[in-house]
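Please keep the structure in view while reading.

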Amino acid sequence: MGDSITITDDRTGKTVTVLIEADNTIASTALRHLDPELRVYDPSFVSTASCASAVTYVDGDAGILRYRGYPIEVLAERSDFLEVALLLLTGELPGPAALAEWRQEIVVHTYVHENVKHFMQQFHHDAHPMGMLVSTVAALSTFYPDAKQIFDEEVRHKQIVRLIAKMPTLAAFAHRFSVGMPFVYPDNDLSYTTNFLSMMWKVAEPRYAAHPVLARALDVLFILHADHEQNCSTTAMRTVASAHADPYSATAAAAAALYGPRHGGANEEVIRMLDDIGSVDAVPGFVERVKRGDGRLMGFGHRVYKNYDPRARLIKRTADEVFAVVGSNPLLDIALALEEAALADDYFVERKLYPNVDFYSGLIYQAMGFPLEMFTVLFAIPRTVGWLAHWVELLGDADQRIARPRQRYIGAGERPYIPVGERNRA
Ligand code: ACO
């Protein structure tokens, strides 16, 4: 027998011995042997593993991130986004023929039904593109009712292809709508990222020529954002999917979670924060305010990483490449000064707060011309792949039942009902 933990219920003297698995987890079901009504109280899953997953490995203390066993640094250097997408979904790096077939499948599914376009054109003129994306992804389920057949592998694959292929189209349409520009249809001769840039920026030229450095930078950013194990939005995806909802509805739920400023909305918040700080001189004062509990240093801290987020390291390098083409972002100096001040300050050191993926990504997006409101959308495009990889994994996991956490009830006991006219309240 390997390592174990023995728990004694001091009320009854009953004892249970639980095996500690190689990945440092214990089965909570063991507690039922002591008392079937005993619950583990773990708000926000700080110490709870909600599933077994083979998709992504994160070691937050060591600053390690691997997709299907491959270090993120190697993938960002040697692969492109669609190749990484197939790796995340299938577990293996594809051979040349499989990769070519995959690219072709994606290319032929980039168009959306004309009614999807009309649907998007009905939003209020200043609708946030992320709100548009969340709603439109949910609406896709009405266009593809076959998606409900979640245990038919062929049908499932088709929805995966559709979602990954159409996400950039919906994202670009949301932007074009918000600036009052006509929608640009996909160009099937272009790569995933150059096609997206074309749908974003094309005006009257016959073909939009994306700068190769910028297209590659975006591709690297997409790789870095493709998955991050059981984060808030992936947990939302798994929770909704555990009820056997169709993948469009589940992806919309995941995207809604990503929209929050504590999650995918943080890159937008970073830019607002740097704007508010305004100058390098104002950095020390800002840091002191954060330490007093007046706001947070956005783009810093992570539930899992208690070390430098490896994605932030790679993003810093990508930022240099982008700035060499488009000129530096004036907010960069403030960001660098802020990072330096925080990393030298006991408050941040003691709490192991380091830059996360969002600290520099917004600066790159801004330098590339993306409006602030598009930042979370830029995150949602690649993260769709991660959500879908977890969706497939969940559906194939015999241990997974409908997600249904228990609670600690802290409300009132049974109370007598008083008719409205007799209530002694205003
Ligand atoms: N600035 C200042 N203090 C912070 C920050 C921050 N960014 N993050 C955490 N802290 C402090 C907390 O106040 C707390 O201090 P205390 O122990 O004195 O009360 C301590 O560090 C622990 O913080 P928690 O909130 O318990 O950490 P948690 O794991 O719940 O939160 C989170 C993680 C949400 C990412 C948090 O660090 C945060 O709000 N960061 C800013 C937002 C951000 O950048 N989000 C992007 C995350 S990456 C992603 O989603 C892609």
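Contact here means heavy atoms within 4.5 Å. The model is predicted.

**Helices α8 and α9**

Helix α8 covers residues 192–201 and helix α9 covers residues 212–225. On the α8 side, the residues in contact are Y192, T193, T194, F196 and L197, and they meet A215, L218, D219 and F222 of α9. Sorted by class, this contact has six nonpolar, two polar and one charged residues. The two axes come within 9 Å and cross at roughly 110 degrees. Angles of 65 to 115 degrees count as roughly perpendicular, and α8 and α9 are therefore roughly perpendicular to each other. Their crossing is right-handed.

**Helices α7 and α8**

Helix α8 also packs against helix α7, which is made of residues 153–178. From α7, the residues I164, P168, T169, A171, A172, H175 and R176 take part, and they meet Y192, F196, M199, M200 and W201 in α8. Nine of the residues in this contact are nonpolar, two are polar and one is charged. The axes of α7 and α8 cross at roughly 20 degrees. Angles under 35 degrees count as roughly parallel, so α7 and α8 are roughly parallel to each other. Here too the crossing is right-handed.

**Helices α10 and α11**

Helix α10 spans residues 232–242, and helix α11 spans residues 247–258. How do these two helices run relative to each other, roughly parallel or roughly antiparallel? The angle between them is about 150 degrees. Angles over 145 degrees count as roughly antiparallel, and α10 and α11 are therefore roughly antiparallel to each other. α10 passes α11 in a right-handed crossing. The α10 residues C232, S233, A236, M237, V240 and A241 meet a set of α11 residues that includes P247, S249, A250 and T251. By class, the contact of α10 with α11 has 11 nonpolar, three polar and no charged residues.

T235 is also found in α10. Its C-alpha atom is separated by 7.7 Å from that of A254, although T235 and A254 are 19 residues apart along the chain. Leaving aside residues up to four places away in sequence, T235 touches F45 and Q230.

| Helix pair | Axis separation | Angle |
|---|---|---|
| α7 and α8 | within 8 Å | roughly 20 degrees |
| α8 and α9 | within 9 Å | roughly 110 degrees |
| α10 and α11 | 8 Å | about 150 degrees |

**Two residues with positive phi**

H244 lies in the loop between α10 and α11. H244 is not a glycine, yet its phi is positive, at about 65 degrees. R68 lies in another loop, between β4 (64–67) and β5 (70–71). R68 is likewise a residue other than glycine with a positive phi, near 50 degrees.

**Around the ligand**

How many residues surround the ligand? There are 19, and the closest are R296, L297, G299, R303 and N356. N356 has a polar side-chain atom 2.9 Å from an oxygen atom of the ligand. In the side chain of H263, an N or O atom is 3.0 Å from an oxygen atom of the ligand. For Y347, a polar side-chain atom lies 3.2 Å from a nitrogen atom of the ligand.

How values were computed
Residues are numbered from 1 along each chain as its sequence is written. This is a predicted model: local features need pLDDT of at least 70, side-chain atom pairs count only at pLDDT 80 or more; totals for chains, interfaces and linings use all residues. Side-chain values use heavy atoms; hydrogens and water are left out. Axes are lines fitted to C-alpha atoms, for helices over the stretch in contact, and angles run from 0 to 180 degrees between N-to-C directions. Helices (H or I, at least four residues) and strands (E, at least two) are DSSP runs, numbered from the N terminus. A crossing is left-handed if the near helix is turned anticlockwise from the far one by less than a right angle, and right-handed if clockwise. Ala, Val, Leu, Ile, Met, Phe, Trp, Tyr, Cys and Pro count as nonpolar, Asp, Glu, Lys and Arg as charged, and the others, Gly among them, as polar. A residue is near a molecule or strand if one of its heavy atoms lies within 4 Å of it. A polar contact is a pair of N or O atoms within 3.5 Å; within protein, one must be able to donate a hydrogen and the other to accept it, and residues adjacent in sequence count only if both atoms are side-chain atoms.
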